[in-house]
Amino acid sequence: LVSYFFSAYRFTWQTHWFKRLLYTFLSVKCIYWLFYFDLLFGADSIIYVKSQSVGGVKDLGFLLYLISSPPLNLMAILLTGGLACILLFTKKFQFLLSFILWFMVLNLNNVIYTTLTGGDFLTNQFLFFNCFLSLTVAPGENWLDQIKVCLHNIACYGIMIQLCLVYFVSALAKVNDSDWL
């Protein structure tokens with residue numbers, strides 16, 4: 001089991017397309033956010049904001065919510081769209097840029113929390129696992145490259161398990177709902 005996770009990058013073709021489709025989806029989502037900016041992020045948005053600190057490190061996920069500034073939200077949306085486009089066409093600094101992208105989407109989602117669906121939460125989880133996916137095909141020999149291979153393989157299986165879990169829970173809910181039956 002250890003040699004399986006550390007020996008080679010698994011699911012390289014699927015990883016390539018997963019990353020590309022995820023970044024394309026985020027680019028479209030940023031266009032959607034910009035189109036409905038006044039409704040979701042503007043000064044007179046439909047979302048009630050009550051700035052209250054959750055404390056410590058947890059506040060990092062709520063930076064845009066705590067500040068509640070429409071110009072800052074606009075900059076965050078533009079930065080998110082720009083990062084998604086950059087990551088769509090480059091292979092450099094994948095981990096750092098993917099982490100920043102996940103962090104930006106996390107903050108934007110927390111600003112419009114009351115409008116989110118399960119798909120938005122799943123996208124956020126996919127963005128987190130995406131940070132550890134690598135587009136490299138050949139593993140190196142040093143210990144750092146071995147760790148990258150292991151994290152890539154664990155992230156691949158984490159994404160698959162989450163997707164299977166979502167479909168299982170959805171099927172379970174539909175089986176137990178009389179309207180679906």
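Me: Why is F99 called partly exposed?

Reply: The relative accessibility of F99 is 35%. Buried means under 20% relative accessible area, exposed means over 50%, and partly exposed lies in between (1.4 Å probe, protein chains only). F99 therefore counts as partly exposed. This is a predicted model, in which local features need pLDDT of at least 70 and side-chain atom pairs count only at pLDDT 80 or more, whereas totals for chains, interfaces and linings use all residues. Residues are numbered from 1 along each chain as its sequence is written, and side-chain values use heavy atoms, with hydrogens and water left out.

Me: What makes F62 and Y65 an edge-to-face pair?

Reply: The whole structure holds 17 aromatic pairs. In the pair of F62 and Y65, the ring centres are 6.5 Å apart and the planes make an angle of 75°. Rings of Phe, Tyr and Trp (its six-membered ring) pair if their centres lie within 6.5 Å; planes under 30 degrees apart are stacked, those over 60 are edge-to-face, and the rest are tilted. F62, at a relative accessible area of 29%, is partly exposed, whereas Y65, at 18%, is buried.

Me: Why is the pair of F99 and W102 called tilted?

Reply: Their ring centres are 5.4 Å apart and their planes stand at 45°, so the pair is tilted. F99 and W102 also belong to a cluster in which ring pairs link them with F95, F128, F129 and F132.

Me: What sits over the ring of Y4?

Reply: The charged end of R10 does, 4.0 Å from the ring centre. The term requires NZ of Lys or CZ of Arg to be within 6 Å of the ring centre and within 35 degrees of the ring normal.

Me: Which residues touch the most other members of the largest nonpolar core?

Reply: That core has 21 residues, and the ones with the most touching members are F18, L26, L101, F126, L127, L133 and I159. Helix 2, helix 5, helix 6, helix 7 and helix 8 each contribute at least two residues to this core. A nonpolar core is a set of buried Ala, Val, Leu, Ile, Met, Phe, Trp, Tyr and Cys residues joined through side-chain atoms within 4.5 Å. A second, separate core of 15 residues has C30, I47, I77 and L108 among its members.

Me: What is N109 in contact with?

Reply: Leaving aside neighbours within four places in sequence, N109 is in contact (heavy atoms within 4.5 Å) with W33, L116, D120 and N124. N109 is part of helix 6, and its relative accessibility of 5% makes it buried.

Me: Where do F11 and S68 lie, and what are their phi values?

Reply: F11 is in the loop between helix 1 (2-7) and helix 2, and its phi is near 55°. S68 is in the loop between helix 4 (63-67) and helix 5, with phi near 45°. Each value is positive in a residue other than glycine. Most residues other than glycine have a negative phi. F11, at 28% relative accessibility, counts as partly exposed, and S68, at 37%, counts as partly exposed too.

Key. Helices (H or I, at least four residues) and strands (E, at least two) are DSSP runs, numbered from the N terminus.
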